[in-house]
Amino acid sequence: MIIQVPGLPELSAGQRKAISLPFEGSSLVTGGPGTGKTITAIRRTAALHRSGRPTTMLMYSRVLSAYTHAAAARLGAANIVTTYHKWFHEFWRACYHKNPPTVDRWQIDWMACLAQVLEHPPATQEPRYVVIDEGQDLPSEFYLVLRAAPTHLTVFADDNQRITTNQSTIQEIINRAGITSVVALPTNNRNTRPIAELAMHLRPAAATDTSALTDGPSPRLVHHGQRTDAAEYIARHERDHPDETIGVILHLSHDLKRFHRLLGGRTVNPVQGYLSIHRNGPLADPSFSGPGIKLITAKSAKGLEFDSVFLPELQSVPGDPTTDDTRMQMYVLVTRARRDLTLMYTGTGEPAVVSAIPRHLLNISSPTR
């Protein structure tokens, strides 16, 4: 699964403007799903790297990091793409010869880090250049620490795709990172128009320019009585479309493991998947390759795109479907699909998250018995 990075002449005026922002200082690039933030971030990273500046590209997710690594390498920016968590630990150990202070095992004490940086600045005269993709997923205090380090930042972010528990708004990024330049990418070039219409229902304030979008099939809603039937439905699509990349996105880890088992032996291409809790085995590698089914959790889906997307087990979606958080998460997930989107649930009773979607936006299949 490789990002196709267009040549510079194929980029939009907004993307070219973002790439050519001043290298010194801190800048912000905003845009909704499909506006080309990740492609532009990769191009920006490569430009900084080729200039001889010590550059790193960061993001929250291991899957997105692996997804962008190969594309960055093709542009001569190999081995500078990583997750923010890994990079920060390495940065801190290099500067202070110990791990960063923590509140608990997994949570960094950002205020203690900031106090340390202000009292004992990192002992290097070489400026750092950091490009951050999906910057809304990172803690706002992280930007305070980088600003104090100091670091030249280019942050790519979208206020309508905040689905982590410790996240930043655009205004927080501007204030805490010391942003001096902002560029907006307004045009959705990924989805079909029916998929974009469903997305805009979920997040009306996130509407982007859809003038470049083509028509396509309406998103499908499919109900199955059993998970085995749902798995066979997905496998049949893969067998009929063996050259597609197919994202199967689930909310719960145990559902992902169950579908990995159910899909085994039913597909043309090997089924690939990733769970952050796995250290080895078939669900441990986030470096997806080639066509076929890619099983991921909703938390790992940010920044990715697939020819077709299936969202099974929607009865497992937690929370109230009318809340901003739930609608934002569904907005992120449906916009992963380029051409084909299928919403699915099993068992009895329609999930609340499905009932909240207007029927004219969906192609509803008859329930199986």
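Among contacts in the protein between residues at least 6 apart in sequence, what percentage join residues at least 24 apart? In this predicted model, the share of such contacts that join residues at least 24 apart in sequence is 74%. The secondary structure of the protein consists of twelve helices together with 13 strands, and buried residues account for 55% of its 369 residues.

**Overall dimensions**
- Taken along the principal axes, the box filled by the C-alpha atoms of the protein is roughly 70 × 45 × 40 Å.

**Surface and charge**
- The protein has an accessible surface of about 15600 Å², and carbon and sulfur atoms contribute 50% of that area.
- The protein carries 38 positive and 33 negative charges, and the mean position of the positive charges lies 3 Å from the mean position of the negative ones.

**Helix H5 and its packing**
- Helix H5, which spans residues 110–119, contains the buried residues Trp110, Cys113, Leu114 and Val117.
- When H5 is viewed down its axis, these buried residues fall within an arc of 100 degrees, and they therefore line one face of the helix.
- The partners against which the buried residues of H5 pack are helix H4, covering residues 84–96, and helix H6, covering residues 140–148.

Technical notes
Residues are numbered from 1 along each chain as its sequence is written. This is a predicted model: local features need pLDDT of at least 70, side-chain atom pairs count only at pLDDT 80 or more; totals for chains, interfaces and linings use all residues. Side-chain values use heavy atoms; hydrogens and water are left out. Buried means under 20% relative accessible area, exposed over 50%, partly exposed in between (1.4 Å probe, protein chains only). Helices (H or I, at least four residues) and strands (E, at least two) are DSSP runs, numbered from the N terminus. The arc is that of the directions from the helix axis to the C-beta atoms. Contact means heavy atoms within 4.5 Å. Accessible areas come from the Shrake-Rupley method with a 1.4 Å probe; for residues, only the protein chains shown count as cover. Lys and Arg count as positive and Asp and Glu as negative; His and the chain ends are not counted. The place of a charge is taken as NZ of Lys, CZ of Arg, CG of Asp or CD of Glu.
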